[in-house]
Amino acid sequence: MELTDKHKALIKTLASGRFFSTQRLADELGVSRTSAWNYLKALECMGFELHAVSGKGTRLKQVIELLEAEAIIAHLPAEKQGLLAKLDLLDVCPSTNYHLLQQNSLKPLANGVVCMAEMQTMGRGRLGKTWVSPYGQNVYLSFVWSFKSGIAALSGLSLACGVAVCRALDELGVKGHGLKWPNDILWQGKKLGGILVEIQGESQGGYSVVVGIGINYQMSSQASTDIDQPWVDVCTVSGVPVGRNKLAGKLIERVLDMLASYEEKGLAPYVEPWNAFDCYKNSNVRIISGKKVTAGIAKGISSGGELILQKPDGGQQLIVSGEVSLRLDDK
Ligand code: BTN
């Protein structure tokens with residue numbers, strides 16, 4: 001369903017979580033009561049959970065902290081603000097990664113252009129999966145950066161990004177999160193977020209990279225019915241309340257910092273921290289690549305970012321990311 005300006009205005013009015021009578025909403029939107037009621041029903045169809053009480057009106061079950069560019073930028077330390085070329089804040093888009101890839105192919109974007117959206121209609125995950133992206137409930141964030149180095153040097157970028165995300169969460173007081181190779185962010189085995197790096201070739205040589213990060217922030221169970229694995233969100237796991245704009249600002253700070261030094265330093269400074277965040281270290285795992293399954297014990301990542309797999313015969317195999325997925329062997 002298309003989100004019209006009236007729907008958006010209604011969401012902004014309801015975001016505080018306060019009760020509104022249908023008449024009051026109709027007045028705010030400049031429409032009839034029946035239309036206001038229809039707009040409310042449409043929001044419900046889009047996955048918003050409404051709570052109606054007779055005599056009080058209707059409210060959103062969950063307060064939404066809408067994204068605000070000024071608030072996000074205010075959370076970046078002054079000395080880091082120069083790394084942010086532009087913050088493109090969208091309401092609804094197919095995918096923030098796709099948005100930047102498309103813009104960059106029309107006219108090369110500056111390093112540090114960042115795109116966020118309240119909702120993605122075609123959010124992209126790893127291995128061709130869909131990334132469930134309901135309105136206002138999570139963080140969908142993409143960065144563009146160009147590198148002169150060859151494509152091989154970029155293979156560790158998503159791992160470095162995982163470390164940057166975990167550090168951002170640490171600094172916000174979240175505890176107990178970690179990484180699952182190659183780049184899932186987990187909390188107690190449940191998915192808290194993911195990273196999708198997409199690479200675009202350039203005619204002058206070098207590559208543009210779009211780094212996309214999705215972090216579950218405060219997702220309703222209704223919106224998440226299509227997620228095929230256990231998941232969790234920041235609001236559930238953080239001991240201290242973390243604002244959505246603050247989370248976005250901290251992620252932007254940490255990821256821009258990493259991107260700005262990656263060309264020069266590569267993955268090397270992130271290998272040890274990645275291994276310290278590794279949730280599956282010394283666990284029995286299976287590596288699935290199409291129909292092929294390889295079992296072993298996960299031993300963290302190598303200096304090149306491959307997963308080190310200790311085989312049952314004692315030998316080691318280095319697993320390259322790409323079209324493979326890693327599962328815990330819980331038999
Ligand atoms: C994964 O499968 O774990 C990676 C998920 C990456 C999702 C993010 S949300 C922002 C950006 N835009 C997309 O369409 N995907 C990434």
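Reader: Let's start with two helices: how are H1 and H3 oriented to each other, roughly parallel or roughly perpendicular?

Author: Quick ground rules: this is a predicted model, so local features need pLDDT of at least 70 and side-chain atom pairs count only at pLDDT 80 or more, while totals for chains, interfaces and linings use all residues. Residues are numbered from 1 along each chain as its sequence is written, and side-chain values use heavy atoms, with hydrogens and water left out. Helix H1 (residues 5-14) and helix H3 (residues 33-45) pack at about 85 degrees with axes 10 Å apart (axes are lines fitted to C-alpha atoms, for helices over the stretch in contact, and angles run from 0 to 180 degrees between N-to-C directions). Angles under 35 degrees count as roughly parallel, over 145 as roughly antiparallel, 65 to 115 as roughly perpendicular and the rest as oblique, so H1 and H3 are roughly perpendicular.

Reader: Which residues of H3 does H1 meet?

Author: Helices (H or I, at least four residues) and strands (E, at least two) are DSSP runs numbered from the N terminus, and contact means heavy atoms within 4.5 Å. The contact of H1 with H3 divides into seven nonpolar, one polar and one charged residue (Ala, Val, Leu, Ile, Met, Phe, Trp, Tyr, Cys and Pro count as nonpolar, Asp, Glu, Lys and Arg as charged, and the others, Gly among them, as polar). From H1 come Lys6, His7, Leu10, Ile11 and Leu14, and they meet Tyr39, Leu40, Ala42 and Leu43 in H3.

Reader: Which strands stand at the edges of the seven-stranded sheet?

Author: Two strands pair if DSSP finds at least two bridges between them. That open sheet has mixed pairing and runs E3-E4-E5-E9-E8-E7-E6. One side of each edge strand is left without a neighbour in the sheet because each has a single partner, and these are strand E3 (86-93) and strand E6 (177-180).

Reader: Which residue in E8 does leucine 186 stand opposite?

Author: E7 and E8 pair in the antiparallel sense, over four bridges. Opposite leucine 186 in that pairing you'll find lysine 191.

Reader: What about the five-stranded sheet: which strands are at its edges?

Author: This open sheet has antiparallel pairing and the order E13-E12-E11-E10-E14. Each edge strand has a single partner, so one side of each lacks a neighbour in the sheet: they are strand E13 (316-319) and strand E14 (325-328).

Reader: Which element gives the most to the lining of the largest pocket?

Author: A pocket, on a 1 Å grid over the protein atoms alone, is an open set of points with protein on both sides within 12 Å along at least five of seven lines, and a cavity is a set where a 1.4 Å probe fits but cannot get out; lining residues have an atom within 4 Å of a point. The largest pocket is lined by 45 residues, with Lys129, Trp131, Asp184, Lys191 and Gln229 nearest its centre. That lining divides into 18 nonpolar, 15 polar and twelve charged residues. With five residues, the element that gives the most is E8.

Reader: And how much space lies in the largest cavity?

Author: Grid points are joined across faces, edges and corners, and a volume is the space filled by probe spheres set on the points. The cavity's lining is Phe48, Glu49, Leu60, Lys61, Gln62, Ile64, Gln137 and Ser220. The space in this largest cavity is about 70 Å³.
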